[in-house]
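User: I've got this model open and I'd like to understand where some of the labels come from. Can we go through them one by one?

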Amino acid sequence: MKVKMILPALAESESPFWRPIKYSLFPPLGLATLAAYFGPDDEIELQDQHVEALDINDAPDLVIIQVYITNANRSYKLADHYRNQGAHVALGGLHVTSLPAEAARHADTIFLGPAEESFPRFLKDLKNKAPKKTYNSTNRTLENLPPIRRDLIKRNRYLVPNSISVTRGCPHHCDFCYKDAFFKGGKSFYTQAVDDALSEIDRLPGKHLYFLDDHLLGNTRFASALFDGMKGMGRLFQGAATVESILRGDLIEKAADAGLRSLFVGFETFSPANLAQGNKHQNLEKDYVAAANRLHALGIMINGSFVFGLDEDDEDVFTRTVDWGVKNSITTATYHILTPYPGTRLYDRMEQEGRILTRNWDLYDTRNVVFKTANLTAEQLKQGYDKAYRDFYSWRNIFKSSLGHDLHRHKLKHLFYTGGWKKFEVFWNLIIKTKNLNHMLPLLETILSKVKNNNPEVRDELQSMHVQTQEDSANNP
Ligand code: SF4
């Protein structure tokens, strides 16, 4: 069977502000994971439109398309094209799970939720010429997964070809997050067996890894065993976790010992009322500054995530958030305009309140205002968001933020990482054009190499934090 697997480009790719490097980071790991279920006689092509031109003058028997909200319209056009040619078209992903009726109009088969278990069932049915219209994910497990078909990934087109995911979902339930919608009807947080995760890591060449897990530290026992197993492997890695998990016990130290060098952290907002309204209780009463200091002391760079447009936000929120990031030497910041994705509790609430302004999914890219705001006008929100990016990434603030670290080496790392990421677009575009992106990996690895903090004051602070969190854990088992 001839199979075509496609990740269509997001609508943002047509924007004049499109940054090709941002979308040339990770290969489509989900599709490569599903590709592992095909047989040796199947001929598979995997195309990612973010890094290559799509060839649609082919004639596959089966087409699998991964649908996100801002590539949904493009996905449906591709699906219609291939269905007209007689291919069997299957759609899956976050947007399909959120709006199955919409997706089903363009598909022969749709997948709801994670597809590791339903996909092999579908292939069996297809072979028996009886594929169903809808496949729900029932048994959720990451046991006995076949090795990911990384051979289908064009490694030279990505800055971070070694992306990996060893868990699914997250233990929390934020109202604006897709997670509960995607995992509805079953387990919403589960992990691989530690040995399987370590074997997958072992199969990856080079040093650098990027864990795409929503919350790498979400299961303490799993993460602790994983980091114990990774210690001594000589890996450098990046991942994502919550403020609460950074402050809890000594997990973050174990992660640093295993090679964690940069962390995506969902700070989102400083307002307790916003946190409570968004059901982000895990951030309530957590000391953001202590979390940032703990990461700095361990030599872990921080990518802080912040959301603008929550109901309690006022005109000053943009300046406050940028200033906090600069003052606390956050390495990179990702700002989002609040976006009510269909399927989330936030969307349902806004719909009930009559606040959804458009259902043009192309605009749901966290750069546009698609709902009726509360304290801010839509213009204030959009202008404040744009200004926050401009201000945080001004050279003045990049220098100021870099100089906030104790060690010269740390200051330089910060400067190179932030400056390199945001200020050399022409250079990145040239590297992408010449298909040499993976040759930049040694540079990234150098920037991510360990900074040892020998400052006795910082060591003492870390030690006292460790003792404090151990006491907290004992009091709140
Ligand atoms: S912590 Fe992050 S991944 Fe988990 S539910 Fe909240 S936003 Fe989603």
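This is a predicted model: local features need pLDDT of at least 70, side-chain atom pairs count only at pLDDT 80 or more; totals for chains, interfaces and linings use all residues.

User: Which hand does the crossing of α16 and α17 have?

Analyst: The crossing of α16 and α17 is right-handed, so the near helix is turned clockwise from the far one.

User: And why are α16 and α17 called roughly antiparallel?

Analyst: Look at the angle: the axes of α16 (residues 395-402) and α17 (residues 408-423) cross at roughly 150°. Angles over 145 degrees count as roughly antiparallel, and therefore α16 and α17 get that label. Their axes come within 8 Å.

User: Which residues meet there, and what are they like by class?

Analyst: On the α16 side you have I398, S401 and S402, and they meet K411, H414, L415, T418 and G419 of α17. That contact splits into 2 nonpolar, 5 polar and 1 charged.

User: What makes α8 and α10 roughly parallel?

Analyst: Here the axes of α8 (residues 220-230) and α10 (residues 251-258) cross at roughly 25° and come within 8 Å. The cut-off for roughly parallel is under 35 degrees, which means α8 is roughly parallel to α10. As for the hand, α8 passes α10 in a left-handed crossing.

User: Who makes that contact?

Analyst: α8 brings T220, A223, S224, F227, D228 and M230, while α10 brings L251, K254, A255, D257 and A258. By class, they come to 6 nonpolar, 2 polar and 3 charged.

User: Zooming out, how is the protein chain divided?

Analyst: Into domain 1 (2-136) and domain 2 (159-447). Their centres, taken over C-alpha atoms, are 26 Å apart. The contact takes 22 residues from domain 1 and 26 residues from domain 2. On the domain 1 side, α2 (72-84) and α3 (94-98) each give two or more residues, and α3 gives the most, with 3 residues. That side has 13 nonpolar, 7 polar and 2 charged residues.

Note on methods
Residues are numbered from 1 along each chain as its sequence is written. Domain bounds come from an automatic or database domain assignment. Two residues are in contact if their C-beta atoms, placed from the backbone, lie within 7 Å. Helices (H or I, at least four residues) and strands (E, at least two) are DSSP runs, numbered from the N terminus. Ala, Val, Leu, Ile, Met, Phe, Trp, Tyr, Cys and Pro count as nonpolar, Asp, Glu, Lys and Arg as charged, and the others, Gly among them, as polar. Axes are lines fitted to C-alpha atoms, for helices over the stretch in contact, and angles run from 0 to 180 degrees between N-to-C directions. Angles under 35 degrees count as roughly parallel, over 145 as roughly antiparallel, 65 to 115 as roughly perpendicular and the rest as oblique.
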